[in-house]
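Subject: Handover of a structure and its findings

Dear colleague,

Please find below the structure that I am handing over to you.

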Amino acid sequence: ETDKRFRITSEEYYALANNFGIDTNEAKQFLSDLDKATVVMALPQAPDYVFLKPEWLAKHVIDVIDPEETEIKQKITTIKERLVKNEEEKEELEKIKDVLDKRAK
C-alpha cells in the first residue's frame, strides 16, 4: 500500500515473495488470491507485470476507451431524458388518479 508505483514486474513480485520465504507456487496462489480480492491486478494480457493500483488501471482503461467520456455523457443524457418523460407521465397519471379518487367518494 505504501509503494507509490503503479506496477511492478512479475519478476520483482516473485523476488519479494522469495525474500519473505514464500516459494514460487505459494506466491502464484497468493497473487491469484490478491487479484481476486482486487488488492492487485494480474492480467493474462500483461503477464510481465503486477498492477499495484487496480483502481488506477481501471480509470486509465476508461480514459483510453472513451477519452472524451462521450459514451458516458450520452448514457447520462439518455437517462435524464427518460427520467423527465417518466416524471411527466407520473404527473398525468396522478391527475387521472385524483379524478378517479374523487369519483369513488
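Helices (H or I, at least four residues) and strands (E, at least two) are DSSP runs, numbered from the N terminus. In those terms, S10 belongs to helix α1, which covers residues 10–19.

Two remarks on the basis of the values come next. The model is predicted, so that local features need pLDDT of at least 70 and side-chain atom pairs count only at pLDDT 80 or more, while totals for chains, interfaces and linings use all residues. Residues are numbered from 1 along each chain as its sequence is written, and side-chain values use heavy atoms, with hydrogens and water left out.

Overall form

The protein contains 4 helices and 2 strands, and from the N terminus on these elements follow the order β-α-α-β-α-α. The radius of gyration is 26 Å, well over the 13 Å that the globule rule gives for 105 residues, so the protein is more spread out than a compact globule. Here the radius is taken over C-alpha atoms, and the rule is 2.2 Å times the number of residues to the power 0.38. Along the principal axes, the C-alpha atoms fill a box of roughly 80 × 35 × 25 Å.

Of the 105 residues, 14% are buried; buried means under 20% relative accessible area, exposed over 50%, and partly exposed in between, with a 1.4 Å probe and protein chains only. The protein exposes about 9,000 Å², of which carbon and sulfur atoms supply 57%. These areas come from the Shrake-Rupley method with a 1.4 Å probe, and for residues only the protein chains shown count as cover.

Among contacts (heavy atoms within 4.5 Å), those between residues 24 or more positions apart account for 46% of the contacts with a separation of 6 or more. There are 18 positive and 24 negative side chains, and the centres of the two sets lie 8 Å apart. In this count Lys and Arg are positive and Asp and Glu negative, with His and the chain ends not counted; the place of a charge is NZ of Lys, CZ of Arg, CG of Asp or CD of Glu.

Aromatic residues

The structure holds 4 aromatic pairs. The rings of F6 and F51 have centres 5.6 Å apart and planes at 65°, so this pair is edge-to-face. It joins distant parts of the chain, since F6 is in the segment before β1 (7–9) and F51 is in strand β2 (residues 49–51), 45 residues apart. F6 is partly exposed at a relative accessible area of 25%, whereas F51 is buried at 6%. Rings of Phe, Tyr and Trp (its six-membered ring) pair if their centres lie within 6.5 Å; planes under 30 degrees apart count as stacked, over 60 as edge-to-face and the rest as tilted.

Y13 and Y14 also form an edge-to-face pair, with 5.0 Å from centre to centre and 75° between the planes. Y13 is buried, with a relative accessible area of 10%, and Y14 is partly exposed, with 25%.

Individual positions

S10 is buried, at 13% relative accessibility. Apart from neighbours within four places in sequence, S10 is in contact with P47, D48, Y49 and V50.

D3 is found in the segment before β1 and is partly exposed, at 28% relative accessibility. Leaving aside neighbours within four places in sequence, D3 touches I8, L52 and K53. The C-alpha atoms of D3 and L52 are separated by 8.1 Å, although the two residues are 49 residues apart along the chain.

T38 sits in the loop between α2 (24–36) and β2, and T38 is exposed, with a relative accessible area of 56%. Its phi is near 55°, a positive value in a residue other than glycine. From C-alpha to C-alpha, T38 and K53 are 8.9 Å apart in space, and they are 15 residues apart in sequence.

E89 lies in helix α4 (residues 70–104) and is partly exposed, with a relative accessible area of 41%.

Yours sincerely
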